[in-house]
Amino acid sequence: MSDARSVPAGDPAWLRGMTMRRMSRRQMMRYAGMSVGTLSLASILAACGGDGGTGGGTPTEPGGSTMPDYTAEPGPVIRFSNWPLYIDKARDKETGERYSPSLRLFEEETGIKVEYTTEINDNAAFFGELLPLLQAGQDPGRDIIVITNGREFAALTQNGWVYELDPNLRPNFDANAAAWAKDPNFDPGNRFSMAWQSGLTGIGYNTEKVKRPLTTADDLMNPDVVPPSSVGVLKADAPDFAMIQLGIDPTTSGPEEWKAAADWLRKLRDAPTFRTAYDQAYVDDLTAGNLAATMGWSGDVLYYALWEDYPFEFIVPEAGALIWIDNMMIPVNAPNPQGAYQLMDFYYRPEVAQMVTEWVLYMSPVPAVQQLIAEHAEQEKGAYAEALRRTAENPFLWPDEELLAKVKFGRPLTTDEEAAEWDSIFLPVWEGL
Amino acid sequence: MAGPVSDERTAVVLPAEGPLAPPARQGERTLERRRRAVAYLLLTPGTLYLALFFALPLILIIYTSLKSGGLLSGGGFRFTWQWENYTDGLATYGSFYVRSVVYAGIATVACILLAYPMAYWIAFYGGRWKSALFFMILVPFFVSFVIRTVQWRFLLGDFGLIFGPLKDLGLLPQDFRVLATPLAVIAGITYNFLPFTALPLYVALDRIDRSLIEAAKDLYATKTEAFRKVVLPLSFPGLFAAVILTFVPATGDYVNSSVLGGPNTTMIGQIIQTKFLVELRYPEAAALSVVLMVGMLLIALLYAKALGTEDETLAAGAGA
């Protein structure tokens, strides 16, 4: 990064790369849930206050859904709620104001204003905030929300709390979305959602602390590979991850498989190599050298390996890894579903998706972006070109057939009984039982 | 919890002045009425505030704790007098309450042992630096609770500021660690709640009339005896408040055990947090919270009964 001056100073991405410490999204949010817990339980209280049942102004018996008329004239404003550090950014040369070039492009093309907020730090906490509004049938205050596939996602789709999307009105998605982003198991036919970005849960390790490179998840409990008390686990991802390691496809798994996975996790927990299970904050322990190897998110580990020169390696174990998607959705009773849907599809234009990926470093649902970034690298010089080239070549940003064959989605939990059974099998593992 | 209790006391004391006042002439009666009106007026904002932000949420939590259903297929939560939330919760998580009380108890004792000498020294020997010295105890608490706890991870890291050099020198085995053990959690709680212990102790110690100690010495008490028979009993009210203020929030704390602990240090606060934010089972989480709160209230009441009220403590101290 020595020939910094050779790059035009006005280039937003360049400025970003050189002047800011890059941070991955997950890194930013790792203690967010905690501050919610300690500082204000307001959202949870609000959720408690809502009366039973769903409903409000729309027909919302479980399983019911509504589709607004997407061909109607869109409203003048779209309120877009997303996670922090999850979109492209630049500084306006005249006003000094921070803005998102891709959002500005949309505003210029459509004349619709986008109010972008980064208020989502935690799926459940955000869901708790939204819940009373959804239950009361009120304007939820957002036209687009981004929710990871999981329990909150299921609650939103199954209670009719998000609008159904019209499959005929998303040309860019149809033309450009990656195969893995289309028709995911948690939302068949993309009835309610479209991917914003995505990532993998695999193994990250410190090459200086392990005795040989890791290849399987069983290496995590092998004292000949990793030192004592140096292995971390991500609580939320552990069950699906464990099933994948046992050769079970989580998506079709049942209680018997879950128990097998819990047993595997118990074995890991009781191994001398095990240290602790994390909600989110594992990266600190990895960078501090407390962890030699851990279940980790691709974006986190890759960021430290590629941009901060830590001796880290991210692998997809031989038996496979877990893939997750953060999904754009339109909450029911949002006043501008037409504009929202238009914006969602807009992000499936390769040149727009490229703007995001050059900033965010998670898996883009638009594979054509890889080529565009490679071409962009050709046009740039020096360190910035190098960074772009590395981004374009990273196997975990652009999963090929071979990798995709090894990654699986998690088990969607669709009923309360199922979720209760799942929790009764897996939570005791981390509660020391 | 100490807040509502003391408010209640104020509420009882003030109106009681009315009937107890001696019979008065017409003008005095008007004056008396006005005084009472002012007293009520002064109470109104606090009462309203507590009603709105303490009582109402409490009622909501209790209401929620008796609901059943689920958010996935149950079509939301419905109020059904679901007492099973309580019985099942206690049966499953009883041991976590016990662990929380034990951790908080040890941390409270540690806090007293650390804070008492400190508060004593500042109150008696701080001189004109008293305020500045006491302020120094509070300075770290201008930084967020979570941030400070997270910093402890770096401090206590296996190869961190403390253990790194010791391991390099061969004074500690390479696999020695404190993080992810009960010790780390209890130490973290002790650190985080120390000012809640120090503040009431300092106030109580600072209030002690020095002439009483002089008098004790005049009556041939040794320094130790003067401390034991005068200073210590007179600081009991502060000690009482310090224990309540430290122990009660420490029991419900979940930040220390989730940031510094491991699977074997899980406290009830973490269980409640998981129920709320991972499992989305609000009724069960609310029931566990109510149990925690009632349990704490009972412990506090028993404790108050055992040690007596502030005045009785003073009397007991004087009699000792």
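A nonpolar core is a set of buried Ala, Val, Leu, Ile, Met, Phe, Trp, Tyr and Cys residues joined through C-beta atoms within 7 Å; a residue is buried if 20 or more other C-beta atoms lie within 10 Å of its own, with C-beta atoms placed from the backbone. The model is predicted: local features need pLDDT of at least 70 and side-chain atom pairs pLDDT 80 or more, while totals for chains, interfaces and linings use all residues. Residues are numbered from 1 along each chain as its sequence is written, with chains lettered from A in the order in which they are written.

**View 1. The largest nonpolar core.** Of its 181 residues, A:Ile144, A:Ala293, B:Ala119, B:Leu201, B:Ile268 and B:Leu288 touch the most other members. Leaving aside residues up to four places away in sequence, A:Ala293 touches residues including A:Ile203, A:Tyr205, A:Leu220 and A:Val231 (contact: C-beta atoms, placed from the backbone, within 7 Å).

**View 2. Strands E7 and E8 of chain A.** Strand E7 (residues 231–234) runs parallel to E8(A), joined to it by 4 bridges (strands are DSSP runs of at least two residues; pairing requires at least two DSSP bridges). A:Val233 has A:Ala277 of E8(A) as its bridge partner. Because 5 of the 5 residues of E8(A) are buried, this strand is largely enclosed by the rest of the structure.

**View 3. The side of chain A that touches chain B.** Here 47 residues of chain A are in contact with 47 residues of chain B. Elements giving two or more residues to this side of chain A include helix H3 (32–39), helix H18 (416–430) and strand E8 (274–278) (helices are DSSP runs, H or I, of at least four residues).

Key:
Contact = placed C-beta atoms within 7 Å. Buried ≥ 20, exposed ≤ 12 C-beta atoms within 10 Å, placed from the backbone.
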